[in-house]
Amino acid sequence: MSVDNLDDYIRSHIDPEGDYLHRLYRDTQLRLSYGQMACGHVQGRLLKMFTRMVQPRLAVELGTFSGYSALCIAEGLEDGAVLHTFEIYDEQEDFTRPWIEGSYYADKIRLHIGDALQLIPEMGLTDIDLAFVDADKRHYVDFYEMLLPRVRKGGFIIADNTLWYGHVVEEKTRESDQQTLGIKAFNDLLANDYRVEKVIVPVRDGLTIIRKK
Ligand SMILES: C[S@@+](CC[C@H](N)C(=O)[O-])C[C@H]1O[C@@H](n2cnc3c(N)ncnc32)[C@H](O)[C@@H]1O
């Protein structure tokens, strides 16, 4: 059985993504460069399920892009809970804001345009229950160190792309490949970080689930 067959099998045996997300995913692929950055059906259902399990009151996302993962997290939020999602690329707003504001979950999502590394401390966000990190791979260590003191004890950080197309196992990484170096530095830091419990789940491009002790 090929990987494609298995992917089809998984997609047909889990919750459907629904018409709205299906249309958003298609629009993302048609109109945006690097459309493959959107997390898609399987990881989207996983994010919703994690959100259901954690039951956050306050969630943050670093890296909104077209809004696909933000909508999946919002779908899992209880009434009264909020997701703050941050996107640094201001030209992304014209595409993403209408998709978020036109959705069933608009009242649960606050979209902020700017650098999450700067905005989250400026906004004074603390007692975060769930953080999803999916922004610039070169700054994963900075995102993590900024977030950890702001996440409540027992709260979670989920970091995406932590296997980085398998490049993390390369013996030698070129100095110019700053994204691989960023992910490797993050994974190495976590491996010896006793402030947290962590596990890497090899779904899609690797998801690291981190729980603050
Ligand atoms: C992989 S995409 C996010 C995909 C989205 N989470 C999803 O799964 O549908 C990464 C996004 O992070 C944004 N980004 C990069 N660095 C950022 C930062 N420091 N703060 C906020 N957004 C950032 C990029 O512009 C890009 O749109």
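**Stop one: a hairpin**

Start by selecting strand S6 (residues 196-201) and strand S7 (residues 207-212), which pair in the antiparallel sense over six bridges. Strands pair here if DSSP finds at least two bridges between them; helices (H or I, at least four residues) and strands (E, at least two) are DSSP runs, numbered from the N terminus. This is a predicted model, in which local features need pLDDT of at least 70 and side-chain atom pairs count only at pLDDT 80 or more, while totals for chains, interfaces and linings use all residues. Residues are numbered from 1 along each chain as its sequence is written.

Pick out glutamate 197 and look across to arginine 211 in S7, its bridge partner. S6 and S7 make a hairpin with five residues between them. In that loop, click on arginine 204: its phi is positive, about 50 degrees, although it is not a glycine. Most residues other than glycine have a negative phi. Arginine 204 counts as partly exposed because it has 15 C-beta neighbours inside 10 Å (20 or more would be buried, 12 or fewer exposed, in between partly exposed, with C-beta atoms placed from the backbone).

**Stop two: another positive phi**

Now hop to tryptophan 164, in the loop between strand S5 (151-160) and helix H8 (178-191). Its phi is positive too, near 40 degrees. Is tryptophan 164 buried or exposed? It counts as buried, because 22 C-beta neighbours lie inside 10 Å.

**Stop three: parallel strands**

Select strand S2 (residues 82-87) and strand S3 (residues 109-113): they run parallel, joined by five bridges. Glutamate 87 stands opposite isoleucine 113 in S3.

**Stop four: the core**

Which residues have the most contacts inside the largest nonpolar core? They are Ile73, Ala131, Val133, Phe143 and Ile157, in a core of 47 residues. Helix H4 (residues 68-76) gives the most to this core, with six residues. Such a core is a set of buried Ala, Val, Leu, Ile, Met, Phe, Trp, Tyr and Cys residues joined through C-beta atoms within 7 Å.
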